[in-house]
Amino acid sequence: MASARKSYPKRSSYSVQDLIEYMGESDELSDISSNDGSSNEGSVKSVTEEEIICSSSADDDNETDLLDTDVMQLEQDNTNDEPNWVKIDGYKANFAKFEGNAGPHPSFIVNSTPLTIFEAFVTDDLVDLIVEQSNLFAVQYRKNNIIKGKSRVQKWIPLGRNDIRLYIAFILYRGILWKPTHAMYFSTNPLFDTPLIRKVLSFDRFCLTEKFLHFVDNSSLPIHFCKKAKIKPIYDYLVNKFKTLYIPNKNISIDESLLLWKGLLSWKQYIPSKRSRFGMKSFALCESATGYI
């Protein structure tokens, strides 16, 4: 005969222990019924899905009350943007004394003009480096390639300092007076005419300078070289100039900068939060008062 089953009070939820005992007794009753050959359908109450869910949720609520409290407290702390400052009695901060002579180089203070400041960065040494490497690249190109009879390269004449300075001046001028194409700056059309440009620089000379502009000897580069290896001499030179010609104040900031560039470049990045969005990312140390990089 089937043994008497333990009765449980009627309630909306059961604990896990009650559920285990209930299932264990159900298994015993099933074994006895199978041995006796009698059917006990309806005598054993099945555990419904609702009862299992209620019991599981009740246990979870009991076991995670403290955990939920901690999480809620943590989330509440994270939503508070203000730091929680605590005063420590007797503590005195020890700040290092700033002893640098902040400001521009002494040569800039007297009789400085935009041109003299520009020439302090773009010196003759830098221009000579560009002239040397550009002429070398032109020789290598003409040697390793077949030049057609009507090619503009046939008009090549070695560069000098003045050619590089005119090229840089044209690039700066183009940032002030923008036109869709380079050819429009040299156009004789009255609608687009800029006679000053055509007076100091020809279109063929500009195109050849831009084609062979180089900063490093290609033959000296290893097979696998850094992506900025071809501009590294100019980059290092200008960084050193920015360090020596101006000493920033004690209040400085280090932040990332994005130089706009939408052309083909393997290390071009996309940063939607920046105004440019597409370009070359770099990290800059800036003076807070003046914005000097």
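How many salt bridges does the count come to by the rule I used? I took a salt bridge as a side-chain nitrogen of Lys or Arg within 4 Å of a carboxyl oxygen of Asp or Glu. By this rule I got 10 salt bridges.

Notes on what I was looking at. This is a predicted model, where local features need pLDDT of at least 70, side-chain atom pairs count only at pLDDT 80 or more, and totals for chains, interfaces and linings use all residues. Residues are numbered from 1 along each chain as its sequence is written, and side-chain values use heavy atoms, with hydrogens and water left out.

Entry: Arg-161. I looked up its link to Asp-124 and found a salt bridge, with the closest N and O atoms 3.5 Å apart. This pair joins distant parts of the chain, 37 residues apart: Arg-161 sits in helix H7 (residues 161–176) and Asp-124 in helix H6 (residues 124–144). Helices here are DSSP runs of H or I, at least four residues, numbered from the N terminus.

Next I checked Asp-128, which also makes a salt bridge with Arg-161, at 2.7 Å between the closest N and O atoms. Asp-128 is in helix H6 and Arg-161 in helix H7, 33 residues apart. I then saw that Asp-124, Asp-128, Arg-161 and Arg-165 are linked in a network of salt bridges.

Entry: Asp-124 is partly exposed at 36%, and Asp-128 at 30%.

Last entry: Asp-193 and Arg-198 meet in a salt bridge at 2.6 Å, N to O. Asp-193 is partly exposed at 30%, and Arg-198 at 33%.

Methods. Helix = DSSP H or I, 4+ residues; strand = E, 2+ residues; numbered from the N terminus. Buried < 20%, exposed > 50% of the residue type's maximum accessible area, 1.4 Å probe, protein only.
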